[in-house]
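This briefing covers selected secondary-structure elements and their packing. Please read it alongside the sequence and the coordinates.

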Amino acid sequence: MKMTDIIADMILDMFDDNKSTIQIQRNDLASQIGCVPSQINYVITSRFTPEQGYRIESRRGGGGCIYITRADSKESAIVSLINSVGSSLDERTAKSQIYNLKYQNLIDDKSVRLLIAATADGCFKGLPAETKNSLRAKQFKQMLLACID
């Protein structure tokens, strides 16, 4: 078993059904496993990403620590949508996705109005369709990230 797998498994074992946030002392974990602290960083940045349903917060000073929070179902659904959008998005598909989020009660009415306004074709007047759809996808993803509490 690779060292990265061992580290990832150990971190995952720290979570339980009642715990959605764990605190890691990087140096302590590294000495427990027998690796260097930078390997802990590598595993956290590559395997515990927002796209995979995790939030990372680092506290410096006084020994420092890293908090890893497992996303709730709302966050996971929005992150899954972000990952599925791709590099291009037309207005019709964006509207469909927005209304689907509202139907699932993942966003409120104000967010629906803002997302629809920001992804409307009128925001991208004068741009070629390819550029318009590429910008719309990027903007949509960023706005969805802002919807996560």
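The model is predicted, and every value here was computed from it.

**The sheet**

- An open sheet is formed by 3 strands in the order β1-β3-β2, with antiparallel pairing.
- Its edge strands are β1 (21–24) and β2, each of which pairs on one side only.
- From one strand to the next, the twist averages 20 degrees.
- Strand β3 (residues 65–70) runs antiparallel to β2 and is joined to it by 6 bridges; I56 has I68 in β3 as its bridge partner.
- Helix α1 (residues 3–14) packs on the sheet and touches β1, β2 and β3. The direction of α1 makes about 130 degrees with that of β1.
- Between β1 and β3 there are 4 bridges, again in the antiparallel sense; T21 has T69 in β3 as its bridge partner.

**Helix α4**

- Helix α4 covers residues 73–85, which is 13 residues. The distance from its first C-alpha to its last is 19 Å, close to the 18 Å expected at 1.5 Å a residue.
- Its buried residues are E75, I78, V79, L81, I82 and V85. These residues lie on the same side of α4 because they cover an arc of only 155 degrees around the axis.
- On the other side of α4, the residues S73 and S84 are exposed.
- The buried residues of α4 pack against β2 (54–59), α5 (91–103) and α7 (129–147), so the definition of contact as heavy atoms within 4.5 Å applies to this packing.
- After α4 comes G86, which has a positive phi, near 85 degrees.

**Helix α7**

- Helix α7 has 19 residues, which should span 27 Å at 1.5 Å a residue; the end C-alpha atoms are 27 Å apart, so the two values agree.
- Buried residues in α7 are K132, N133, R136, A137, F140, L144 and C147. Their arc around the axis is only 135 degrees, and therefore they sit on the same side of α7.
- The face turned away from that buried side carries the exposed residues E130, K138, Q142 and A146.
- The buried residues of α7 pack against α4, α5 and α6 (109–119).

**R136**

- Which helix holds R136? R136 is in helix α7.
- Is R136 buried or exposed? R136 has 1% relative accessibility and so counts as buried, the cut-off for buried being under 20% relative accessible area.
- A polar atom of the R136 side chain lies 2.4 Å from the backbone oxygen of T119.
- Leaving out residues up to four places away in sequence, R136 touches L89, D90, E91, A94, T119, A120, D121 and F124.

Notes:
Residues numbered from 1 in each chain as written. Predicted model: local features only at pLDDT ≥ 70, side-chain atom pairs only at ≥ 80, totals over all residues. Heavy atoms only, no water. Helix = DSSP H or I, 4+ residues; strand = E, 2+ residues; numbered from the N terminus. Expected span 1.5 Å × (residues − 1). Buried < 20%, exposed > 50% of the residue type's maximum accessible area, 1.4 Å probe, protein only. Arc of directions from axis to C-beta. Polar contact = N/O pair within 3.5 Å; in protein donor to acceptor, adjacent residues only side chain to side chain. Pairing = 2+ DSSP bridges. Axes fitted to C-alpha atoms, helices over the stretch in contact; angles between N-to-C directions.
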